[in-house]
Amino acid sequence: MTSSVWISNQRVASIVILLAVFMTNLDLWIVNVALPAIGSSFASSAGGAATLSSLSWVLNAYAIALAALLVVAGRRGDRIGQRPVFLAGVPLFTLASLACAVAPDLGTLVAARALQAVGAAAQLPTSLALLLASVPAEHRTRATRNWAAVGGLAAAAGPVAGGLLVQVDWRWVFVINVPIGIATVAAGLRVLPSTARREEGRLPDLAGAVLITLAIAALSGALVQAPDWGWLDARSLTLFALALAGAAAFVRRSLRHRHPLFELPLLRLPQFGAASAGTFAFGIAFAIMLLSNVLWCQEIWHWSALRTGVAMVPGPALVPVVTVLTARAAQRLGHGPLVTAGGLLFAAAMLWRTCFASLDADYWLDLLPSQVLGGVGVGLTLGTLVAAGVSSLPGHRAATGSALVNSVRQMSATVGVALLVAVVGTHVGPAQRPDFRAAWVVAAALSLATAVIGVRITRGARTREAATPAQTSATPLTEGAAGQ
């Protein structure tokens, strides 16, 4: 009886953790479909049209803050245990969601989105460690893939959920988080396992977090404002220079600080470094695809948010199916071949839109084939890249390393949104058709780069298999990482 109760608590704990992961990942993307409605709502109260550049901060404020704080929260979980950090993040995320729902203006909404990211940062890195502690050792590989797949599924399903909720009111895309958050806290207090403190000492470099936030925000600001200001305008050049200086200062500080925000030597682990690069490239392509499809359907085809969301169902529906069906293939073939195949398929999806996108709505020829190709590509690539990176880390860096991988994902999302705004412009209409095509070509090129990275991951795995255990365990990097 006691054994049955323990197994039942394990399952409930896994559900609670994955539900929280789904909620925070969903919120990053669900707002895409709501952007036109948010712009219309605040424009009518302000008496002017909200531009795409100003609305993009609703997405990017969340992604930038999340990218900067994930590692801090992950390391905090390593020091005091993942359970208290996780349970602190969920109520903060829930309260911030409520603040988003009642925001009276765009500036307040952007600030509340940044606060949401603080709560999300506490949940995401600690969730993986808690999940692994909630399942038997023989099920941990599958649990890691499930954790990664939930993020991919949430990202793909966001437009569908957003389309449904916007039919009521755009504020419901945030209200929906409140009951989920309350249920997660109530159940989590009862069933989440306690994890041991892995490390003692100081938190990572908080000044580094400020520098990377400044660099990403400046780069995003430069990209989204340059179409209006001019690429050679003094304000644009100042922001680009600020982004470059902030990034350089961050790298220098990270290499010299005793407790850096990002442990850059981890990127020298071949599989982790390759998976991080692939995550960044594919994340930019994915962000371009997701927001461009929403804008095309609502601003070019003049479809409602609900019709837009329903039109995107095939892509999200394929993600979990592909993830489940390829689980054994990943174990047998390794991560690399799946990443390569997924990158090629996603590139094909973007090139399809480049060739067949029409100002006259033609769902069956234009959007549906691209959705199918893209859905399979996301299912093969997104979760597999995260799993490839996390599985290559030293055991005592599980939370910190997964936080770094997810930080890369959020940075890529920010760059993807900003890059799309830079290419398409701040006002979307039929005249921007060539600009959309240019953005899809960029996304296709990045997907092809991801496919090449998959080949590198495959070669790296074969090299490790050929190495003796003694050679593998004696590398200076591993010894250095273990001692940090």
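Helices are DSSP runs of H or I of at least four residues, numbered from the N terminus. The model is predicted, so I noted that local features need pLDDT of at least 70 and side-chain atom pairs pLDDT 80 or more, while totals for chains, interfaces and linings use all residues. Residues are numbered from 1 along each chain, and side-chain values use heavy atoms, without hydrogens and water.

I next examined the N-terminal end of α9, which Asp233 caps with a side-chain oxygen 2.8 Å from the backbone nitrogen of Arg235.

Within α9, I recorded Ser236, Ala243, Gly246, Phe250 and Ser254 as buried (under 20% relative accessible area; exposed is over 50%, partly exposed in between; 1.4 Å probe, protein chains only). Their cover includes α8.

I located Trp231 in the loop between α8 (206-229) and α9 (234-256). Trp231 is partly exposed, at 41% relative accessible area.

I then turned to Val33, in helix α1 (residues 2-46). Val33 is buried, with a relative accessible area of 0%. I listed its contacts (heavy atoms within 4.5 Å): leaving aside residues up to four places away in sequence, Val33 touches Pro159, Gly162, Gly163, Val294, Gln298 and Ala305. Val33 and Pro159 are 126 residues apart along the chain, yet 5.5 Å separates their C-alpha atoms.

Terms used:
Helix = DSSP H or I, 4+ residues; strand = E, 2+ residues; numbered from the N terminus. Polar contact = N/O pair within 3.5 Å; in protein donor to acceptor, adjacent residues only side chain to side chain.
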